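Trainee: I am new to this structure. Please take me through the terms used for it and show how each one is applied.

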Amino acid sequence: TRPSGTGSCSTPRTGSTPSAWPSSSDAGRTTPGGSWRTWPPTGSASPEKRATGVLRGAGKQAMAVRNVMVGIAGEIVITWFLTGIPSVNIQGAAIGTVVAFAVAATLNYFAVRKYTGAEIGVVKTFGRPFIAAAFMGLASKGIYELLRLWIDSNTIPALVAVLVGVLLYGVMILLTKTISKEEVGKLPKGDKLLKVVGRFIR
């Protein structure tokens with residue numbers, strides 16, 4: 001059942017957009033009827049952090065903490081196991097960190113649906129960013145390996161690969177319609193950014 005009374009997630013505040021979700025600052029706010037029904041939220045915070053804010057606003061602070069602790073536990077186990085494999089070594093720590101965030105985000109996703117009845121756009125929230133990130137990772141890896149064929153150094157190829165990867169990720173975020181004009185407008189210098197990329201996003 002959905003929570004009621006103090007700390008519940010309910011109707012959006014007057015003047016807010018339908019896609020806006022309550023954050024931790026909305027904890028304890030009560031308004032009659034309805035619920036927050038759409039996702040993803042606006043703003044620059046990650047979906048995982050926004051979902052944590054929603055759970056806090058729904059009076060489920062302990063649930064948010066529990067989900068993070070489960071993710072950390074998974075990270076410890078995976079890091080311990082993978083770093084013991086010579087071919088993986090220190091990269092196991094990075095994999096463990098990614099898994100920790102993925103586990104926490106997944107648990108938060110189901111908790112938000114359970115306690116708020118929210119309709120979460122899985123494709124836009126998770127699918128499109130994943131496509132952009134996967135394209136960035138593959139392209140960066142390819143550029144790095146290609147430059148290593150001609151440059152007898154690790155620093156320059158890695159630096160170029162990272163810079164190109166960041167650029168490609170930004171392009172893919174626009175091409176996949178992952179970010180909205182409203183979200184861009186909330187970034188520092190957002191009004192100027194909109195003049196440049198506004199034509200590529202909704």
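Mentor: Start with helices: these are DSSP runs of H or I with at least four residues, while strands are runs of E with at least two, and both are numbered from the N terminus. Val68 lies in helix α2, residues 61–82. The model is predicted, so local features need pLDDT of at least 70 and side-chain atom pairs pLDDT 80 or more, whereas totals for chains, interfaces and linings use all residues. Residues are numbered from 1 along each chain as its sequence is written, and side-chain values use heavy atoms, with hydrogens and water left out.

Trainee: How many helices and strands does the protein have?

Mentor: Seven helices and zero strands. Along the sequence the pattern reads α-α-α-α-α-α-α.

Trainee: Why is Val68 called partly exposed?

Mentor: Buried means under 20% relative accessible area, exposed means over 50%, and partly exposed is in between (1.4 Å probe, protein chains only). Val68 has 32% relative accessibility, so Val68 counts as partly exposed.

Trainee: What makes Thr116 buried?

Mentor: Its relative accessibility is 3%, which is why Thr116 counts as buried. Thr116 lies in helix α3, and the side chain of Thr116 reaches the backbone oxygen of Val112 at 2.5 Å. A polar contact is a pair of N or O atoms within 3.5 Å; within protein, one must be able to donate a hydrogen and the other to accept it, and residues adjacent in sequence count only if both atoms are side-chain atoms.

Trainee: Where is Thr176, and why is Thr176 called buried?

Mentor: Thr176 sits in the loop between α5 (155–175) and α6 (181–185). Its relative accessibility is 17%, so Thr176 counts as buried. A polar atom of the Thr176 side chain lies 3.5 Å from the backbone oxygen of Ile173.

Trainee: Which residues is Thr176 in contact with, leaving aside neighbours within four places in sequence?

Mentor: Arg128 and Ile131. Contact means heavy atoms within 4.5 Å.

Trainee: Which residues make up the largest nonpolar core?

Mentor: A nonpolar core is a set of buried Ala, Val, Leu, Ile, Met, Phe, Trp, Tyr and Cys residues joined through side-chain atoms within 4.5 Å. The largest has 11 residues: Ala51, Val54, Leu55, Met63, Ala64, Tyr109, Ala111, Val112, Tyr115, Ala118 and Ile120. Helices α1 (47–57), α2 and α3 (91–116) each supply at least two residues of this core, with the largest share, four residues, coming from α3. Ala111 is in contact with Leu55, Met63 and Asn67, leaving aside neighbours within four places in sequence.

Trainee: How do you know that Glu145 and Lys141 meet in a salt bridge?

Mentor: A salt bridge is a side-chain nitrogen of Lys or Arg within 4 Å of a carboxyl oxygen of Asp or Glu. For Glu145 and Lys141 the N to O distance is 2.8 Å, and their side chains meet in a salt bridge. Both residues lie in helix α4 (residues 122–148), four residues apart, about one turn of the helix. Glu145 has a relative accessible area of 36%, so Glu145 is partly exposed. Lys141, at 49%, also counts as partly exposed.

Trainee: How many salt bridges does the structure hold?

Mentor: Two. Lys186 and Glu182 also meet in a salt bridge, at 3.9 Å, N to O. Glu182 is partly exposed, with a relative accessible area of 33%.
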